[in-house]
Amino acid sequence: MRADRVFAYGAAAGLIGDLLLGDPRRGHPVAAFGRAAGAVERVLWRDHRGWGTLHTAVCVGGAVGLGAVAENVVRPSRTASVALTAAATWAVVGGTSLVREARVIGRALEAGDVEAARDRLPHLCGRDPQALDADGIARAVVESVAENTSDAVVGALVWGAVAGVPGLLGFRAVNTLDAMVGHRSVTYRRFGWASARLDDLAGWPGARLTAVLAALAGDSPRGAVRAWREDAPKHPSPNAGPVEASFAGALGVRLGGTLSYAGRVEHRPVLNRQGRAVATYDIERAVRLSRRVGLLALGVGVAVRAFVKGRTP
């Protein structure tokens, strides 16, 4: 079976598996990678960029190498190849868990239980929930749905389309490392530099594709493109900016502004200033847009895989 068909069938099966099963409560492969990366960190940690680069190379290289070996082992069997791609796709995407968490918070807000929504928000993002009212929580959820559509779904499919199972595992390894050590704390300012920069590079194509697909699948394609063009460059993140701006324009809402992370206040630019304030019902609209973008990304990924295969001697 051709590699493009293996990816098409396997990725579709993996997304269906994520839709039906979501993430397991215990024994998730990404959690296992996180524990392994933590063990490597305990051995290699130094307050130095070079040691952090080595840590990134060991962890990401290990994930990519494991994927390459597994893919080579099952290559003679079409069924095993599709099954491996499906398992890898299910392991690295997180669309269903993202949707579930967003909807739990949305239901709490609809019921007027702001405290329950605050308690649940840390499961979705790193915002300080005590600093947010109901509208602020809704805005945080919509922004998290937008950004994680790229990080948890589209980016993985892009790299899976380009590089198969090694691409799927490698992208998730990079994304996980950035969450672990890529933030600018005293401990990781130097050690996590390489992970953060590699995450920016790996996330670049998925973020742009997410922004394009959000514009195509949203209620206001023109508004999405305008917000992306005008406001994304002002965002401090090179990848979150296009995604959040495009979602804001597509949904007709304002995102960005003042944020609080663990007591640290950030004043970010307003995205789609022409839009209205986020309301609770926009959470469900963002979830539906995220689902549509994920399905479109699968189609794009299949087309990209066919193109890559067609150019391979």
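I first read the order of elements along the sequence, which follows the pattern α-α-α-α-α-α-α-α-α-α-β-β-α, and I counted eleven helices and two strands, where helices (H or I, at least four residues) and strands (E, at least two) are DSSP runs numbered from the N terminus. The radius of gyration is 19 Å, close to the 20 Å that the globule rule gives for 313 residues, so the protein is as compact as a globular protein of that length; the radius is taken over C-alpha atoms, and the rule is 2.2 Å times the number of residues to the power 0.38.

I noted that this is a predicted model, in which local features need pLDDT of at least 70 and side-chain atom pairs count only at pLDDT 80 or more, while totals for chains, interfaces and linings use all residues. Residues are numbered from 1 along each chain as its sequence is written, and side-chain values use heavy atoms, with hydrogens and water left out.

**Burial and core.** I found that 51% of the 313 residues count as buried, that is, under 20% relative accessible area with a 1.4 Å probe and protein chains only. The largest nonpolar core has 69 residues, and those with the most contacts inside it are Ile 105, Leu 121, Ile 137, Val 141 and Leu 289; such a core is a set of buried Ala, Val, Leu, Ile, Met, Phe, Trp, Tyr and Cys residues joined through side-chain atoms within 4.5 Å. H7 gives the largest share of this core, 20 residues. I then followed Val 141, which, residues up to four places away in sequence not counted, touches Ala 102, Ile 105, Leu 121, Leu 124 and Ile 283, contact meaning heavy atoms within 4.5 Å.

**Second largest pocket.** I next asked which residues lie nearest the centre of the second largest pocket. Of its 23 lining residues, these are Pro 29, Phe 33, Ala 63, Leu 66 and Leu 169. A pocket here is an open set of points on a 1 Å grid over the protein atoms alone, where a 1.4 Å probe fits, with protein on both sides within 12 Å along at least five of seven lines, and lining residues have an atom within 4 Å of a point. Helices H2 (29–44), H3 (49–74), H4 (78–92) and H7 (134–181) each give two or more residues to the lining, with the largest share, seven residues, coming from H3.

**Thr 56.** Within helix H3 I looked up Thr 56, which counts as buried at 5% relative accessibility. Leaving aside neighbours within four places in sequence, Thr 56 is in contact with Gly 61, Leu 177, Ala 194, Ser 195 and Leu 198.

Technical notes:
Buried < 20%, exposed > 50% of the residue type's maximum accessible area, 1.4 Å probe, protein only.
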